[in-house]
Amino acid sequence: ENEPMKAACAQDYIGSPEFSFLTTVQAPIIEEIKYRVAPSLALNLADENNRTPFKDLANGTDSLALSRREAIVGVLTSLWFGLSHNRTQRGLDVKTIPASHVLSGGIYWYLQRKFGFVSNTIGHSWYNYRVVRRAG
């Protein structure tokens with residue numbers, strides 16, 4: 001295999017508009033639905049006192065504090081999010097913890113729960129934009 005050629009092709013792709021769109025628009029929307037919105041909706045639907053489960057996804061909850069359930073689900077989804085970003089050329093690395101992704105997953109979870117889907121998606125997009133801009 002021609003490693004220098006592969007590296008050059010990868011660098012060209014990283015600098016492309018398609019890659020920028022994928023990483024700053026598409027991926028954050030898909031990941032926020034998968035790691036925050038779906039678990040959040042399940043949490044809302046499991047709460048028989050929640051009369052507005054879909055509204056809470058869009059607008060957030062009324063309280064800035066996390067309930068015990070929200071905190072537990074947030075920790076689990078943040079670990080899941082971090083692990084999913086721990087891919088290497090050899091596959092999924094389960095021996096290390098990608099702290100930046102786990103912590104950002106927790107921040108995105110909090111933003112989604114308290115301020116709604118748009119806030120965490122914008123935060124995620126902005127983070128990815130900064131990473132892509134530095135890499136390209």
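Analyst: Arg 113 is buried, with a relative accessible area of 6%; buried means under 20% relative accessible area, exposed means over 50%, and partly exposed lies in between, using a 1.4 Å probe and protein chains only. The model is a predicted one, in which local features need pLDDT of at least 70 and side-chain atom pairs count only at pLDDT 80 or more, while totals for chains, interfaces and linings use all residues. Residues are numbered from 1 along each chain as its sequence is written, and side-chain values use heavy atoms, with hydrogens and water left out.

The charged partners come next. Arg 113 forms a salt bridge with Glu 70, and their closest N and O atoms are 2.8 Å apart. Because Glu 70 lies in helix α4 and Arg 113 in helix α5, this pair ties together parts that are 43 residues apart in sequence. A salt bridge here is a side-chain nitrogen of Lys or Arg within 4 Å of a carboxyl oxygen of Asp or Glu. Helices (H or I, at least four residues) and strands (E, at least two) are DSSP runs numbered from the N terminus. Glu 70 is itself buried, at a relative accessible area of 5%.

Glu 70 also meets the side chain of Lys 114 in a salt bridge, at 3.2 Å from N to O. Since Lys 114 belongs to helix α5 and Glu 70 to helix α4, the pair ties together parts 44 residues apart in sequence. Lys 114 counts as buried, at 4% relative accessibility.

The structure holds three salt bridges. One of them joins Glu 32 to Arg 36, with the closest N and O atoms 2.8 Å apart. These two residues are four residues apart in helix α2 (residues 17–46), so about one helical turn separates them. Glu 32 is buried, with a relative accessible area of 0%, and Arg 36 is buried, with a relative accessible area of 0%.

Arg 36 leads on to the aromatic rings. The charged end of Arg 36 sits over the ring of Phe 81, 4.3 Å from the ring centre; this description requires NZ of Lys or CZ of Arg within 6 Å of the ring centre and within 35 degrees of the ring normal.

Rings of Phe, Tyr and Trp (its six-membered ring) pair if their centres lie within 6.5 Å; planes under 30 degrees apart count as stacked, over 60 as edge-to-face and the rest as tilted. By this rule there are five aromatic pairs. Among them, the rings of Phe 81 and Tyr 108 have centres 6.3 Å apart and planes at 80°, so this pair is edge-to-face. Phe 81 is in helix α4 (residues 68–84) and Tyr 108 in helix α5 (residues 99–115), so the pair links distant parts of the chain, 27 residues apart. Both Phe 81 and Tyr 108 are buried. The rings of Tyr 110 and Phe 115 are likewise edge-to-face, because their centres are 6.4 Å apart and their planes are at 70°. Tyr 110 is partly exposed, with a relative accessible area of 28%, and Phe 115 is partly exposed, with a relative accessible area of 45%. Ring pairs link Tyr 35, Trp 80, Phe 81 and Tyr 108 into a cluster.
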